[in-house]
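Q: Could you walk me through this structure with me? I'd like to hop between a few topics.

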Amino acid sequence: MLQRILPFLTLIALAAALALATPHFLTGMNLASLFRQTAVINIMALGVTLVIVAGGIDLSVGSMMALASLLGCMAMERGSGIAVGILAGVAAGAAFGLANGVIITRMKLNPFIVTLGALGIYRGLALMISGGVPVHGLPKEFSYLGEGAVAGVPFVLILLAACGCAVHFLLVRTRMGRYAFAIGSNPGAAFYAGIPVAFHTTAVYALCGLMTGLAGMVESSRLMTAQPTSGQGYELQAIAAVVIGGGSLRGGEGSAAGTLVGAMIMGLLSNGSDLLGISPYLQQAIIGAVIILAVFLDELRKRRMGEAR
Amino acid sequence: MVLRLTGMQKRFGGVQALVKGDLEVCAGEVHLLLGENGAGKSTLVKIAAGMIRPDGGEIVWQGRRVLFRNPAEAQRAGIAMVHQESLLAQHLTVAENVWLGREPSNGWGVLRRGAIESATRRLIEEHGFPLRPEWRVDRLGPAGRQLVEICRAVAHQANLLIFDEPTSALSDRESSEVLRIVRDLKLRGLAVIYITHRMSELRAAGDRATVLRDGSTVFTAPMKEAGDDELIRHMAGREAEGVFTRTPLPPGKELLRVEGLSRRGVLEDINLSVRAGEIVGIAGLMGSGRTELCRALFGAEPAGAGRILVDGRPVQIDTPRKAVEAGIALAPEDRQSHGLAAGRPVGENITLPSIERFSPGGVIDLGRERAETNWIAGRLRLKASSLDQEAGRLSGGNQQKAVIAKWVMRGARVFLFDEPSRGIDIGAKREVFEMMDELARQGAAVLMVSSEMQELTGIADRILVMKDGRIAAELPRHASQEQILSAATMGGAV
C-alpha cells in the first residue's frame, strides 16, 4: 500500500522541500506558470496512459502534436474562427491516433515499430505542409486557451482537471476502461472472453490522439504560433510521467491520478532546479535518474509480492 | 546416501514455505517428491540446488556438511536442476547450450566449435537423446529443451539431477521419452529427485517417495510398499475421498449439435450431440484433436467446414465473441494465458464477458456489478481474500472456480472444459467436478476433455474417444480404462 501511494508522497515531499528551500516557489505567479508549462505534457500523458494501460505504446505523440496543431492553426490563419480551429486540431489528432490504431490492429504489427514509423511520418508531413515555417497571425483571443484565467485560476488548470477526471472516469467506471485493463493485462484472456479486442485497442489510440491534438492547441495558444518542430521529445516525457505514476509498460496498470502526479513530479523537478539555479543540463540527468528510481521501486514491490506467492 | 536434508526451514514474507523439510536421496535411485501445490516441494529442491538460502536446517552432500550460496556452487559440487520452464539461450545451438559457461577454448578465448559439437555428439549417442548438436534451441519443443537441459547436466558430470515437474508441458509420448532417460541415468548410478503431479508417472519412474505437506515431511517409503491411496492420504492430510462419481440425470433437450465439423489436417468429420444435464467426456492421446475440437467449437481456431447448432439453432462461430453470444463457454487448459487476466482483480475477471449487462450506455453500475459478483462467488464457494484480490494470486482450484463463475455470470448453457483438473490440488479437484455436476443439474450441457481416464470414467455420462482428428469410438459410462486406451490407440471397435 505504502508503495502504491509513494508517488503522491514524493510529490508532497518535493513541494514541501521546495517551499522551504526558496521563497519564490510558493508564489501565485510561479505556480501559475508551473501549471501552464506542464499542462501540455500532462494532457498528452493522460492520453498515453490509456494506450499504456491497454498494453500498447505511442511514440508518435510528439510529432503528432506538431502536425495536429499546425492543421488547426492553419485553419484559424485562414479565418475559420477560433472554435473551429481548435476542433480541427483536436479532430486531426484523433484521426492520426485512429490511423496508428488501425495499422497496429489490422496489420497486426508491434505498436513500438508502428508508432516509431509514425513519429517520422507526422514530423515529415508537418515540415512539408508548413514549408518548415511557423504559422503566425493567429487571432488574439486564441491565447485564452493557454494563458487565460478564471477568477485567478489558470484556464489550462481547469482544462487539465477536466481531462484528468474524464480519463479517470473512463478507466474506472466505463466498459471501455475495463476492457483496456483486461486487454493490457492478458490479451489472450480478453479475446477468449469474447471482447472485441481490435476495436477497443484502436479506440484507445484514437483517444490518445484526440488528447494529443488538444495538447497541441494549448501549446500553440501559449506561444501564439504553430511550429512544425514543436513537441520533439515530448513523447518520452509523457511516457515517463505514466511510468513514474505507476503505469507498467507491460500493460494492465496505470491511472489518471498516477500519471498527473508523475507529470507534476517532473514539472516540479525542472521548476525547482530553475528556481535554485541548477544547470538545465543537469536537470535532464536528474529527471532521468528519477525515472529509473521510480521503476525500480515499483519492481521491488512486485518482486516482493511475487516471492510471497 | 548422497544427499541428506534435515529440518530445512524457509520463510517468504508472511508465508512459512518450509517448516521441517527432510529428504534423503541415495545414488542409483529415483526419489519422488510429492505433495499438493504450496506444500514446499519446489522450495526444498531449490535449496538443494543453491537457488534459495534456507533459514535453518542442515544439508549434507556426499558426507560433508555444505551450504551452497548460488546455483554455480551447487553445480560445481555435482547437483543440477532441470527446470519447469526452460532456462536456455534460445538463439544458440544444442551444443552451445550444453557447454555454455564452460566452453573449451584455446588460450586466446577463441571457441573451438568443432570440439563442442563432437563432445555433444558423443553424449547424445551414448544416451540416445533424439537431438542433434547443431540444432537451434528455439526450434525445439518443450520436450527437446528439457532433453538439452538433461544433456547439459550430464555433460557437467552431475551426480544428482533434480526434475521439477518435467513432464507437465509434455505429451504422453514425450513424457515417456523423458522417463526412459531418467531410468537410464539411474542405472548409471546417478541420484534423481523427481517432482510430479501425474499419478501415472509415480509407478513408472519412482523407487522411493517422500511426501511433503504444509512445509513438513510427513511420509517417506519405498514405492513398492506405498499404495496410491496411502500416498494421496498423506498429501491431502485426510482420508482419500476417492474420485468423484456422479449420478447421471435423465438428459433433457439437445443443447449442442455438431455436424461434419472439419478443419484441414486437424479435425475430420466430427459429429456429436450433448443434451441439457449431460456431461460428455472426450478422451484421446495428445495430438488426437481434443483441444482443437474445443477451440473450434469456441471459435478460437474456427473450423473450415461443418455446422454447429446451439439449442436447435445453427450458429456461425468464427470468433470467441460469436461463441460467447451463442451461450458457449470455454474453461481453457492454460488458465494463465487464456483463462484469466492474472494481474486484475478477481471480480473484474468474473464480469469481463458480461460487463455489457452492467453498463448500459457504457458506464458501469459498480454497485450492481459488485452485488452480483459477490453472489456468484459465494454460490461457487470461491475463496479469495476479497474480490479485489489479483486473480493470479488465487490457488489453482480457485482460479478454475473464477473461470467457471465468469461463464455462469454470462449465462452460458454449453460448457467446454479442457483439462479441468490440470494444476489443481487433489482436494480442489473434487470440488471442481462437483461444480461441473451442479452445472449439468441446472440444465447446462457439458463437454469435458481430459487425459486422466479415472476422471472421465467417474464423471462422464458417455465418453467419445478421438484419434487422428476423428471420433473413433463412443463408450458408455463406466467404460474400463483399457477400453478407452485401446480405442485411443487403435481406433474403431466400439
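This is a predicted model: local features need pLDDT of at least 70, side-chain atom pairs count only at pLDDT 80 or more; totals for chains, interfaces and linings use all residues.

Q: Helix H3 of chain A: how many residues does it have, and how far does it reach from first C-alpha to last?
A: H3(A) covers residues 61-77, which is 17 residues, and reaches 24 Å from its first C-alpha to its last. That is close to the 24 Å expected at 1.5 Å a residue, the expected span being 1.5 Å times one less than the number of residues. Helices here are DSSP runs of H or I with at least four residues, strands are runs of E with at least two, and both are numbered from the N terminus.

Q: Thanks! Is H3(A) mostly covered or exposed?
A: Mostly covered: 15 of the 17 residues in H3(A) are buried. Buried takes 20 or more other C-beta atoms within 10 Å of a residue's own, exposed takes 12 or fewer, and partly exposed is in between, with C-beta atoms placed from the backbone.

Q: And what comes just after H3(A)?
A: Gly79(A) does, with a positive phi of about 85°.

Q: Switching to chain B, what is the strand order in the open sheet of four strands?
A: The order is S12-S11-S14-S15, with antiparallel pairing; strands pair if DSSP finds at least two bridges between them. S12(B) (267-275) and S15(B) (313-315) are the edge strands, each pairing on one side only. The twist averages 20° from one strand to the next.

Q: How many bridges join S11(B) to S14(B)?
A: Five. Leu256(B) stands opposite Val310(B) in S14(B).

Q: Which helix lies across S11, S12 and S14 of chain B?
A: H9(B), residues 290-297, running at about 70° to S12(B). Axes are lines fitted to C-alpha atoms, for helices over the stretch in contact, and angles run from 0 to 180 degrees between N-to-C directions.

Q: Last one: how many residues of chain A are in contact with chain B?
A: 23 residues of chain A are in contact with 29 of chain B, contact being C-beta atoms, placed from the backbone, within 7 Å. H8(A) gives the largest share of chain A's side, six residues.

Methods. Residues are numbered from 1 along each chain as its sequence is written. Chains are lettered from A and ligands numbered from 1 in the order in which they are written. Two residues are in contact if their C-beta atoms, placed from the backbone, lie within 7 Å.
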